[in-house]
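Look at the sequence and the model together.

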Amino acid sequence: MPATAPTRLTIRRPDDWHLHLRDGAVLQAVLPETARDFARAIVMPNLVPPVVTGADAAAYRDRIRAALPPGADFTPLMTLYLTDDTDPEDVARAHAAGIATAVKLYPAGATTNSASGVTDIEKVRPVLDRMAEIGMPLCIHGEVTDPSVDIFDREAVFIDKVLKPLRKKVPDLRIVMEHVTTSHAVDYVRDTPARLAATITTHHLIINRNAILAGGIRPHYYCLPVAKRERHRVALVEAAVSGDRRFFLGTDSAPHVDSRKLMECGCAGIFTATNTLSCLAEVFEAAGRLDDLEAFTSLNGPRYYGLPPNEATVTLVREDAPVTYPGAIETADGPVTVFDPGFPLHWRVER
Ligand SMILES: NC(=O)N[C@@H](CC(=O)O)C(=O)O
Ligand SMILES: [Zn+2]
Ligand SMILES: [Zn+2]
């Protein structure tokens with residue numbers, strides 16, 4: 001480190017634009033990990049059964065509020081799980097009432113708890129048209145589910161086969177491509193003039209596919225979309241640090257208890273809520289772009305969602321001794337392993 005390198009960084013309090021909080025015992029245990037560092041989060045609806053209606057979202061929001069630690073400054077922004085049977089008027093009512101911020105599209109079978117997802121875009125066309133009318137964003141898990149498509153190609157194929165046609169059919173629809181993992185997605189978002197944005201996770205800025213497979217199989221690095229080649233990771237870092245308003249943080253922190261990860265057919269999902277800000281500061285510092293961290297974590301997301309940025313701030317402090325954090329969060333259902341970036345973290349969030 002050169003002597004002039006910054007050792008303190010104060011930014012507006014971040015938001016997480018893609019988060020899994022689950023329910024019950026896991027919600028209780030993981031919520032404080034996010035509420036500590038984030039003011040708001042777009043909460044994913046893929047519970048079992050999923051959060052489909054406005055009434056489901058209001059009830060889930062109330063369970064999240066009830067699980068918050070006393071004095072926490074955290075607002076859950078709810079999403080509705082789009083199904084073939086979703087009622088456009090229910091969606092519009094939930095949006096107008098401030099209960100639902102966005103709708104989530106999971107292609108049926110694409111990822112964890114997506115069995116009730118959309119089987120054919122045409123079936124949900126009336127919902128999408130209504131959303132375009134009222135300016136409600138659609139968050140998309142952008143992978144095709146066709147078993148004949150290689151898992152490493154599923155995002156790129158989704159862009160060509162589903163997203164491009166969808167944007168032609170409903171050009172006014174605001175779309176967030178969630179957890180982008182490829183240079184194809186980055187280029188597609190960059191080349192699109194309006195209404196399209198993308199979230200990028202913490203872990204996809206840090207790991208490539210070698211982390212999952214080289215030297216032994218590492219289930220804690222398995223998530224969907226699966227991490228890709230190094231050149232894709234580099235493209236994601238370039239997008240994140242660029243300051244481009246269309247890219248913002250969605251951690252996709254996705255807790256699964258270890259017993260569900262370390263099994264013959266382990267779940268997809270990486271839990272990063274605990275150390276995300278330290279990880280991100282490290283990534284932005286390594287890119288020589290610490291000054292652009294705030295845009296990625298705290299400015300670009302609210303701008304896209306039409307919300308004011310947070311007034312409160314957080315300060316990150318760089319220390320010589322590595323920051324310590326728990327290796328796992330204990331829940332009543334068992335431990336949830338915390339993401340290991342594979343290098344020591346030196347940026348601590350000042351409390
Ligand atoms: N990202 C994941 O690997 N898993 C998420 C689902 C998702 O976001 O696709 C989960 O709910 O566990
Ligand atoms: Zn997803
Ligand atoms: Zn997710």
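In which loop is aspartate 252 found? The model is predicted, and in this model aspartate 252 is found in the loop between strand E9 (247–249) and helix H9 (258–261). UniProt lists Asp252 under "active site", in an unreviewed entry. Is this residue buried or exposed? Aspartate 252 has 27 other C-beta atoms within 10 Å. A residue counts as buried if 20 or more such atoms lie within that distance, so aspartate 252 is buried. Apart from neighbours within four places in sequence, aspartate 252 is in contact with His18, His179 and Thr201.

The next stop is another loop. Histidine 20 lies between strand E2 (15–19) and helix H1 (24–35), and leucine 21 is placed in the loop between E2 and H1 as well. Histidine 20 is buried, because 25 other C-beta atoms lie within 10 Å. Leucine 21 is also buried, with 25 other C-beta atoms within 10 Å. Histidine 20 touches Met44, Ser253, Ala254, Pro255 and Gly269. Leucine 21 is in contact with Leu27, Val30, Leu31, Val43 and Ile64. In an unreviewed entry, UniProt gives the feature "binding site" to several positions, including His20, Leu21, Arg22 and Asn46.

Now turn to the ligand. Which residues surround ligand 1? They are His20, Asn46, Thr111, Thr112, Asn113, His141, Cys223, Leu224, Asp252, Ala254, Ala268 and Gly269. Sorted by class, this shell consists of four nonpolar residues, seven polar residues and one charged residue.

The last part is a sheet. Strands of a sheet pair through backbone hydrogen bonds, either parallel or antiparallel. Here three strands form an open sheet in the order E1-E10-E13, and the pairing is antiparallel. Strand E1 (8–12) and strand E13 (347–349) are at the edges with a single partner strand each, so one side of each has no neighbour in the sheet. On average, neighbouring strands of this sheet are turned by 25° against each other, direction ignored. Strand E10 (residues 313–318) is joined to E13 by three bridges, and the two run antiparallel. Valine 317 stands opposite arginine 348 in E13. Helix H10 (residues 276–286) packs on the sheet and touches E1, E10 and E13. The direction of helix H10 makes about 145° with that of E13.

Technical notes:
Residues numbered from 1 in each chain as written. Chains lettered and ligands numbered in written order. Predicted model: local features only at pLDDT ≥ 70, side-chain atom pairs only at ≥ 80, totals over all residues. Near = placed C-beta within 6 Å. Nonpolar A, V, L, I, M, F, W, Y, C, P; charged D, E, K, R; others polar. Pairing = 2+ DSSP bridges. Helix = DSSP H or I, 4+ residues; strand = E, 2+ residues; numbered from the N terminus. Axes fitted to C-alpha atoms, helices over the stretch in contact; angles between N-to-C directions. Contact = placed C-beta atoms within 7 Å. UniProt positions renumbered as here; feature names shortened; annotations may be inferred. Buried ≥ 20, exposed ≤ 12 C-beta atoms within 10 Å, placed from the backbone.
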